[in-house]
Amino acid sequence: MPMWAGRFSKEIDSRVNDFNSSIKFDARMYRHDIKGSIAHATMLAECGIIDTADSKKIIDGLNGILNDLDSGALEFDPNAEDVHMFVEAELTKRIGDAGKRLHTARSRNDQVALDIRMYLRDEIVEIKSLVKELINTIVEIAENNLDTVMPGYTHLQRAQPVTFAHHLSAYANMLCRDYERLNDTYKRTDRMPLGSGALAGTTYPIDRQRVCDLLGFSEVCQNSLDGVSDRDFCIELANTISILMMHLSRFSEEIVMWCSWEFKFVELDDAYSTGSSIMPQKKNPDVTELIRGKTARVYGDLNTLLDMMKNLPLAYNKDMQEDKEAIFDAVDTVKLCISTFIPMLETMTVLKDNMRAAAAKGFINATDCADYLVKKGMPFRDAYKITGTLVARCISLDTTLEALPLEEYKKLSDKFSDDVYEAISLDTCVMQRKSQGGPAPESVSQQLLYVKNFLNEQDDK
């Protein structure tokens with residue numbers, strides 16, 4: 001019989017019980033539930049609300065349950081309504097009436113709010129560790145490719161020459177922002193709701209700050225209604241994970257293209273590729289394709305949380321039970337994706353010659369040709385028009401700006417001389433882009449140093 005059955009004259013329908021149960025997914029919070037209960041029992045005894053002897057029995061019993069669950073000696077009862085009821089029922093079975101005193105001055109409403117905050121704090125720390133590892137992996141690959149010239153794109157058209165290191169640095173910067181968002185999300189998750197009761201606090205003389213300190217929270221939730229009904233931190237974490245997944249998806253899309261014969265800029269290790277059931281020549285980048293697909297899944301988790309909360313009156317409503325499956329799925333998905341993405345990158349082969357060959361095509365040095373004229377005193381718009389005419393001439397002659405005879409240049413401007421060929425060479429185009437944030441090796445080295453310093457600063461916090 002459920003612990004809340006005193007008000008009811010008949011047993012709940014088994015179908016409703018199954019529908020209502022959350023033990024299948026909230027069991028993963030058992031460590032946090034037990035730790036929260038130990039802190040609560042400690043505080044109750046210190047405040048004289050329960051006997052010290054009962055508190056000791058409760059704490060010893062809870063530690064025993066924790067050890068047995070960790071070792072597998074105790075299994076979850078699938079018929080239990082939730083992890084909170086399971087632990088409390090098991091505790092009472094083991095220590096008798098003392099176990100019934102544990103729930104004094106608290107409600108499942110503030111208990112579950114505590115558990116999920118404690119659980120997500122730990123998960124955020126783990127995700128941050130994975131993001132940091134991924135950033136370090138990207139930095140290492142970039143540092144080995146400072147001189148690897150490749151075409152940069154806009155509208156998926158070859159635009160200007162960059163380096164592979166410059167391209168990778170862009171993703172390192174995106175992930176640094178993700179790391180910052182995780183830090184910010186942690187701050188708002190790190191607030192202690194226990195003591196809010198069902199919605200209106202309690203008449204018992206509890207010490208919420210003591211529980212806050214015992215559990216390592218930075219502060220106490222300031223309003224009891226908000227303490228039990230707030231799921232902003234779940235939504236914020238799902239949003240942060242969604243943005244992170246978006247960055248992984250963009251990177252994955254480029255790797256999918258780069259692996260194709262049309263690009264052939266990189267080759268994935270066989271351990272991170274799959275074949276075809278019918279076409280023996282195929283080597284498919286399934287990891288990156290799945291990350292793209294799983295990004296949509298995480299977006300769905302975020303929308304679930306937003307839609308679930310959008311019309312709920314204060315305070316707690318049963319709808320909010322749906323928060324766990326959504327946020328747990330988002331957390332599990334991003335951890336799985338990053339932990340697979342890292343070794344895939346580490347074992348990836350960079351085909352430098354193919355990148356450079358692609359950069360040699362598509363007139364991606366046209367801007368530098370125009371800049372050459374500007375540096376000799378011509379207004380940029382005039383230089384732009386002349387260079388466009390030169391590109392059209394190259395296309396008609398099936399040649400490139402580098403191979404176009406000097407007399408063709410001079411037909412359009414007497415400012416051209418032999419030094420134009422040096423100005424429009426790929427190496428010059430890249431090496432001279434020394435402006436802060438640009439693709440020149442010295443500039444990219446500074447960008448990578450910024451990323452490394454950023455991560456070091458995070459370690460110091």
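This is a predicted model: local features need pLDDT of at least 70, side-chain atom pairs count only at pLDDT 80 or more; totals for chains, interfaces and linings use all residues.
### Charged pairs

Arg117 has a partner in Asp230, and their closest N and O atoms are 2.6 Å apart in a salt bridge. Asp230 sits in the loop between α9 (224-229) and α10 (232-259), while Arg117 belongs to helix α6, so this pair ties together parts that are 113 residues apart in sequence. Asp230 also counts as buried, at 12% relative accessibility.

How many salt bridges does the structure hold? The count is 32.

| Asp82 | Arg108 | 2.5 Å |

The side chains of Asp82 and Arg108 form a salt bridge. That pair links distant parts of the chain, 26 residues apart: Asp82 is in the loop between α4 (52-71) and α5 (83-95), and Arg108 is in helix α6 (residues 108-143). Asp82 is buried at 6% relative accessibility, whereas Arg108 is partly exposed at 23%.

Is Glu90 buried or exposed? Glu90 is buried, with a relative accessible area of 9%, while Lys93 counts as exposed at 64%. Through shared partners, salt bridges join Glu90 and Lys93 with Asp68 and Arg94 into one network.

### The second largest pocket

Next comes a look at open space. The second largest pocket holds about 440 Å³, and 21 residues line it. Which residues lie nearest its centre? They are Gly152, Tyr153, Thr154, His167 and Glu254. The elements giving two or more residues to this lining are the strands β1 (149-154) and β2 (157-163) together with the helices α7 (164-189) and α10. By class, the lining has twelve nonpolar, five polar and four charged residues.

### Backbone features

Some backbone angles deserve a look too. Leu156 is not a glycine, yet has a positive phi of about 60 degrees. Leu156 is found in the loop between β1 and β2 and counts as exposed, with 52% relative accessibility.

Phe363 is another non-glycine residue with a positive phi, here about 55 degrees. This residue is in the loop between α13 (352-359) and α14 (366-375), and is partly exposed, with a relative accessible area of 21%.

Where is there a cis peptide bond? One joins Leu314 and Ala315, with omega at about 10 degrees. Ala315 is located in the loop between α11 (286-309) and α12 (322-346).

### A nonpolar surface patch

Finally, the surface. Val374, Phe380 and Tyr384 form a nonpolar patch there, and together they have about 270 Å² of accessible area. Of these residues, Phe380 lies in helix α15 (residues 380-397).

Methods:
Residues are numbered from 1 along each chain as its sequence is written. Side-chain values use heavy atoms; hydrogens and water are left out. Patches are made of residues with over 30% relative accessible area and no salt bridge: like charges are joined within 9 Å, nonpolar side chains (Val, Leu, Ile, Met, Phe, Trp, Tyr) within 5 Å. Accessible areas come from the Shrake-Rupley method with a 1.4 Å probe; for residues, only the protein chains shown count as cover. A salt bridge is a side-chain nitrogen of Lys or Arg within 4 Å of a carboxyl oxygen of Asp or Glu. Helices (H or I, at least four residues) and strands (E, at least two) are DSSP runs, numbered from the N terminus. Buried means under 20% relative accessible area, exposed over 50%, partly exposed in between (1.4 Å probe, protein chains only). On a 1 Å grid over the protein atoms alone, a cavity is a set of points where a 1.4 Å probe fits but cannot get out, and a pocket is an open set with protein on both sides within 12 Å along at least five of seven lines; lining residues have an atom within 4 Å of a point. Grid points are joined across faces, edges and corners, and a volume is the space filled by probe spheres set on the points. Ala, Val, Leu, Ile, Met, Phe, Trp, Tyr, Cys and Pro count as nonpolar, Asp, Glu, Lys and Arg as charged, and the others, Gly among them, as polar.
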